[in-house]
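Visitor: I have a structure open here and would like to talk it through with you. Could you take me around it?

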Amino acid sequence: MSATAADRKLVADRRLVSRSNSSDRRFAAISHTMLTIWSVVVIVPILWVVVSSFKTTKEILASPFSLPETWRFENYANAWSDASIGKYFLNSVIVVVSALVLVMLLGAMCAYILARFQFPGRRLIYYTMLAGLTFPVFLAIVPLFFQLQNLGLLNTRLGLILTYVAFALPFTMFFLYSFFRSLPHDVYEAALIDGAGDWRAFFQVMLPMAKPGMAAVAIFNFLGLWNQFLLPVALNTDQDNWVLTQGMAAYASSQVYGIDYGALFAAIVVTVVPVLIVYIIFQRRIAGSVSQGTFR
């Protein structure tokens with residue numbers, strides 16, 4: 001009887017394993033199918049824009065999904081010069097890179113202090129910064145307008161840089177808090193024993209250890225700041241200081257029915273390429289680096 005019971009248990013276990021493997025295979029098949037569909041939805045429009053950027057307006061309207069008869073690289077030259085995309089691109093690079101450097105530095109320092117040191121008001125500062133993540137940008141447009149106007153920074157790149165830093169700082173601090181919280185305290189104490197001060201311990205010891213988190217939050221901030229549209233439109237109306245999103249919107253709406261679609265798609269490619277390059281370079285840093293910030 002015991003042998004029969006053992007055989008029955010073995011058969012039951014094999015059936016359970018078989019059902020589990022079958023369920024895993026179905027789940028994997030569904031997941032891969034959904035991933036394939038989503039990839040097609042994302043990749044096909046990008047490829048269509050790239051191909052269209054080498055075509056004439058007539059070709060785009062006549063046969064939007066066909067390859068161009070002649071690859072017109074001059075569309076990029078027209079977009080860069082005639083639509084002033086080059087000037088707007090330079091303004092975007094200056095504003096976004098400057099804001100990114102400042103917000104990464106200030107955000108890392110703020111997160112490090114809140115995560116590693118105990119002092120009165122620490123909780124208040126943390127939760128105040130955290131509340132900044134929930135504040136809608138459009139509610140601050142009017143106060144920001146008058147504040148920058150009073151400071152003489154309205155319609156300037158410096159004013160836009162400072163505004164970008166202010167709105168990206170809470171997210172940066174919240175993201176990096178958990179990284180600095182998880183770093184071993186023994187390393188910091190060893191640096192102090194070796195004669196390093198607080199500044200040197202932060203910049204030469206603790207900050208390099210948080211590189212994965214720094215890279216990940218830098219990508220997220222770059223994407224958000226590069227695609228920012230509401231803040232520049234409201235606070236940066238001087239055309240000489242326009243960023244790329246403003247220039248693209250103005251170019252698309254200025255020509256109405258006489259728009260050069262080939263040059264427009266070329267301008268779109270110019271806008272998207274920097275984001276893709278940054279992501280491709282730092283994509284490996286994102287894996288395993290996203291953590292939830294918790295206050296302890």
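Visitor: What kind of model is it, and how many helices and strands does the protein have?

Guide: This is a predicted model, and the protein in it has 13 helices and zero strands, so that, by the way such elements are assigned, the pattern along the sequence is α-α-α-α-α-α-α-α-α-α-α-α-α.

Visitor: What share of the residues is buried?

Guide: Buried residues account for 36% of the 296 residues, while the accessible surface comes to about 17,600 Å², with 67% of that area belonging to carbon and sulfur atoms.

Visitor: And what share of the contacts links residues 24 or more positions apart?

Guide: Among contacts with a separation of 6 or more, 73% are between residues 24 or more positions apart.

Visitor: Which residues touch the most other members of the largest nonpolar core?

Guide: Those are I85, L176 and F180, in a core that counts 68 residues. Helix 4, which covers residues 85-116, gives the most to this core, with 14 residues. As a general background, nonpolar side chains in soluble globular proteins tend to be buried together.

Visitor: Staying with L176, what is it in contact with beyond its neighbours within four places in sequence?

Guide: Once those neighbours are left aside, L176 is in contact with G107, A108 and A111, and also with G213, M214 and V217.

Visitor: Let's switch to pockets. What is the volume of the largest one, and which residues lie nearest its centre?

Guide: The largest pocket has a volume of about 460 Å³, and of the 20 residues that line it, G132, A166, F167, A168 and P170 lie nearest the centre. Helix 5 (122-131), helix 7 (157-182) and helix 10 (211-226) are the elements that give two or more residues to this lining, and helix 7 gives the most, with seven residues.

Visitor: How does that lining divide into nonpolar, polar and charged residues?

Guide: The lining of the largest pocket divides into 15 nonpolar and five polar residues, with no charged ones.

Visitor: How many cavities of 30 Å³ or more are there?

Guide: The count comes to one cavity of 30 Å³ or more, and the volume of the largest cavity is about 40 Å³. Its lining consists of S92, V96, Y164, L225, W226, Q228, V243, L244 and T245, with helix 4, helix 10 and helix 12 (244-254) as the elements that give two or more residues. By class, the lining of this cavity has six nonpolar residues, three polar residues and no charged residues.

Visitor: Now the backbone. What is phi at N155, and where does that residue sit?

Guide: Phi of N155 is near 65°, a positive value in a residue other than glycine, and N155 has its place in the loop between helix 6 (141-151) and helix 7. For context, most residues other than glycine have a negative phi.

Visitor: Is N155 buried, exposed or something in between, and why?

Guide: N155 counts as partly exposed because its relative accessible area is 23%, whereas buried would mean under 20% and exposed over 50%.

Notes:
Residues numbered from 1 in each chain as written. Predicted model: local features only at pLDDT ≥ 70, side-chain atom pairs only at ≥ 80, totals over all residues. Heavy atoms only, no water. Helix = DSSP H or I, 4+ residues; strand = E, 2+ residues; numbered from the N terminus. Buried < 20%, exposed > 50% of the residue type's maximum accessible area, 1.4 Å probe, protein only. Contact = heavy atoms within 4.5 Å. Areas by Shrake-Rupley, 256 points an atom, 1.4 Å probe, with all protein chains shown as cover. Core = buried A, V, L, I, M, F, W, Y, C linked by side-chain atoms within 4.5 Å. 1 Å grid on protein atoms, 1.4 Å probe; cavity = no way out; pocket = protein on both sides within 12 Å on 5 of 7 lines; lining within 4 Å. Points joined across faces, edges and corners; volume = space filled by probe spheres on them. Nonpolar A, V, L, I, M, F, W, Y, C, P; charged D, E, K, R; others polar.
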